[in-house]
Amino acid sequence: MMIEARGLVRTFKTKRGPVQAVQGVDLDVADGEIVGFLGPNGAGKTTTLRMLATLIQPTSGTATVAGCDLAKDPVGVRRGIGYVPQSGSTLPEAIAGDEVVDHARLYGVPKAKAAADGQRLFEEMDLPGLWRRQCKTLSGGQRRRLDIVMGLIHEPKLIFLDEPTTGLDPQARANLWEHIRGLRDRGATIFLTTHYLDEADALCDRILVIDHGKIVASGTPEALKQQVSGDAVRLSLADATQAPTVSKIAGELDGAVEVETDGDVVGFRIPRGGSVLPGLLRSIDAQGIELQGVEVHRPTLDDVFLSMTGRSLRDEDITPAQTEEKQEVVA
Amino acid sequence: MTTLRETWIVFHRAMRLSLRNPMWSILMLSQPLMYLFLFGPLLKPITAQISQGATTNAYQVFIPGLIVQLGMFGAMFVGFGLIAEYRAGVIEADRVTPASRIALMAGRVLRDVVVLVVQSILLLLAAIPLGLRAPWSGVLLSLVIVALLGATFASLSYSVALITKSEDALAPLLNGIAMPLLLLSGILLPMQIGPEWLQRLSDISPLKHVVNGVRSLFRGDISSSSSLWGLFWVVLLTVVGLAVGARTFRKESA
């Protein structure tokens with residue numbers, strides 16, 4: 001196990017009294033996995049990550065990270081991990097290459113090796129020719145990749161990425177995902193936080209859904225989606241008055257739930273929606289009812305989140321500026 | 001040994017960043033000279049009064065005060081730079097490395113001290129043509145005092161910066177401390193020329209004793225009681241300042 005945490009709790013003192021940001025998190029991450037921590041802003045993702053990265057001490061609970069005990073050997077943990085914070089890790093005025101080399105030297109990497117490794121990583125991370133550039137002259141995507149180089153320079157076996165693509169444009173995000181997958185291919189274990197559903201879906205082998213400081217679900221993206229009771233089927237009728245009949249037929253299907261009628265549309269959920277459709281259509285046809293359209297939707301991670309918490313993650317999708325404000329309160 | 005090596009790495013980075021900023025270098029060199037040339041001449045007419053017959057040159061009294069002021073004010077506002085680093089995530093990035101927390105602070109403080117000592121030496125050199133005369137031993141000890149004062153105020157400034165994490169909170173706080181410290185320390189004019197009550201009040205300020213100490217070092221009275229008191233106070237301040245700084249850098253919330 002690369003991470004094994006039990007009962008992690010973190011309470012912050014605020015002006016309005018203590019706030020329990022993380023309320024008893026258990027988690028296991030195996031070697032070579034990409035695990036995503038999915039949840040809305042303020043759910044406790046960053047706080048948990050900061051605890052695991054030795055930046056803040058847990059109020060209670062234990063953890064072993066990269067083979068070292070978090071409480072007894074934080075320095076050992078630091079040696080084994082790379083941490084890419086949301087806020088960046090380089091000074092705008094500094095020279096990119098200098099920041100990388102100095103950072104590596106704090107890990108005890110000799111200067112010459114740090115420079116050679118750093119330049120190689122610059123090539124790998126699509127930062128050619130930027131070694132001697134001031135950090136502030138880099139684009140947002142380049143800056144994030146520079147942060148990742150900073151986090152990788154001492155060859156850690158475990159890498160923490162805090163909201164790696166927040167504030168990036170779609171192209172830069174897709175590009176960064178490729179790089180993150182590449183890290184895993186090199187044998188690193190990756191633990192990242194995100195509040196983007198598509199990111200968790202596209203990138204992670206396993207997802208931990210966190211809300212209000214507690215893990216509410218965990219599994220592969222596929223398994224999580226299957227936990228939601230099936231695919232969503234929507235039938236549009238030519239004649240709204242026939243809706244009750246269609247609704248009755250749908251309700252009699254094996255495993256159909258949440259049958260609802262909205263005007264001329266009948267919707268319900270059913271496992272493996274695609275395979276029940278032919279039979280359903282024949283029954284409807286046998287009644288002489290005409291359909292205008294049929295849709296089947298695979299469940300999304302948002303459906304998972306909705307079914308676990310009663311809220312949609314999409315409502316929480318807010319701008320990066322607001323994210324920072326919320327983080328201040330939590331961190 | 002590792003801590004020393006890490007301190008050197010942090011120092012080296014901080015120094016390189018400071019030197020890369022040409023505006024900063026120019027300001028750093030010009031400030032003490034501005035005091036010397038724009039404020040110094042004002043002291044000429046009141047030389048007799050402030051030197052109390054012991055010396056005839058105003059700079060003999062003024063320069064020791066100026067270098068103490070440098071040590072104090074030059075270092076007091078370094079916290080702003082640290083907040084900028086914090087904003088950029090640099091402090092966080094430093095803190096996830098296995099480097100000693102003390103080194104992360106000490107390297108930055110060392111940079112500030114080197115800057116202050118260089119500024120002080122420039123100031124002293126510029127004052128020689130104006131009539132400053134002092135024994136080598138006194139000057140060297142005074143530079144040590146400036147370095148210690150700088151280390152004290154730099155680590156205190158870093159501590160406050162790390163705790164507040166906001167320029168808006170840091171600025172009024174530092175100014176609020178700096179003002180009474182400056183006025184009660186006798187840096188610009190010796191407290192001895194003031195009324196009795198003001199002198200008693202200024203006794204509370206350790207800095208006044210430090211300034212008096214440096215003044216007597218410049219007169220060559222190395223073993224005089226005011227020199228020794230000055231040294232005593234500056235060492236005490238340094239111990240407290242560095243301890244507070246180290247504690248803040250170790251603390252998790254920093």
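**Entry 1: a strand pair in chain A**

I began with one residue, Tyr83(A), and found that its bridge partner in strand 7 of chain A is Phe160(A). I worked throughout with a predicted model. I then looked up how the two strands run. Strand 6 of chain A and strand 7 (residues 158–162) of chain A are parallel, and four bridges join them.

Next I asked which residues of strand 6 of chain A are buried on each side. On one side I noted Ile81(A) and Tyr83(A), and on the other Gly82(A) and Val84(A); each of these is buried. Strand 6, which covers residues 81–84 of chain A, is therefore covered on both faces, since a residue is counted as buried when 20 or more other C-beta atoms lie within 10 Å of its own.

**Entry 2: chain A as a whole**

I recorded twelve helices and 14 strands in chain A. The chain has 331 residues, of which 43% count as buried. I looked up the extent of the C-alpha trace and noted about 80 × 45 × 35 Å along the principal axes of chain A.

I consulted the domain assignment, which gives chain A a domain 1 at 3–225 and a domain 2 at 230–298. The centres of these two domains of chain A, taken over C-alpha atoms, are separated by 45 Å. I also examined contacts in chain A between residues at least 6 apart in sequence; 68% of them join residues at least 24 apart.

**Entry 3: where chain A touches chain B**

How many residues of each chain are in contact with the other? I noted 25 residues of chain A in contact with 19 residues of chain B. On the chain A side, the elements that give two or more residues are helix 2 (74–80) and helix 3 (96–106). Helix 3 of chain A gives the most, with five residues. I sorted the residues on this side of chain A by type and recorded twelve nonpolar, seven polar and six charged.

**Entry 4: annotated regions of chain B**

I turned to the UniProt record for chain B, an unreviewed entry.

Residues 138–161 of chain B are 100% helix and 0% strand, with the end C-alpha atoms 34 Å apart. Residues 228–249 of chain B are likewise 100% helix and 0% strand, and there the end C-alpha atoms are 32 Å apart.

Notes. Residues are numbered from 1 along each chain as its sequence is written. Chains are lettered from A and ligands numbered from 1 in the order in which they are written. This is a predicted model: local features need pLDDT of at least 70, side-chain atom pairs count only at pLDDT 80 or more; totals for chains, interfaces and linings use all residues. UniProt positions are given in the numbering used here, feature names are shortened, and annotations may be inferred rather than shown by experiment. Domain bounds come from an automatic or database domain assignment. A residue is buried if 20 or more other C-beta atoms lie within 10 Å of its own, exposed if 12 or fewer, and partly exposed in between; C-beta atoms are placed from the backbone. Two residues are in contact if their C-beta atoms, placed from the backbone, lie within 7 Å. Ala, Val, Leu, Ile, Met, Phe, Trp, Tyr, Cys and Pro count as nonpolar, Asp, Glu, Lys and Arg as charged, and the others, Gly among them, as polar. Two strands pair if DSSP finds at least two bridges between them.
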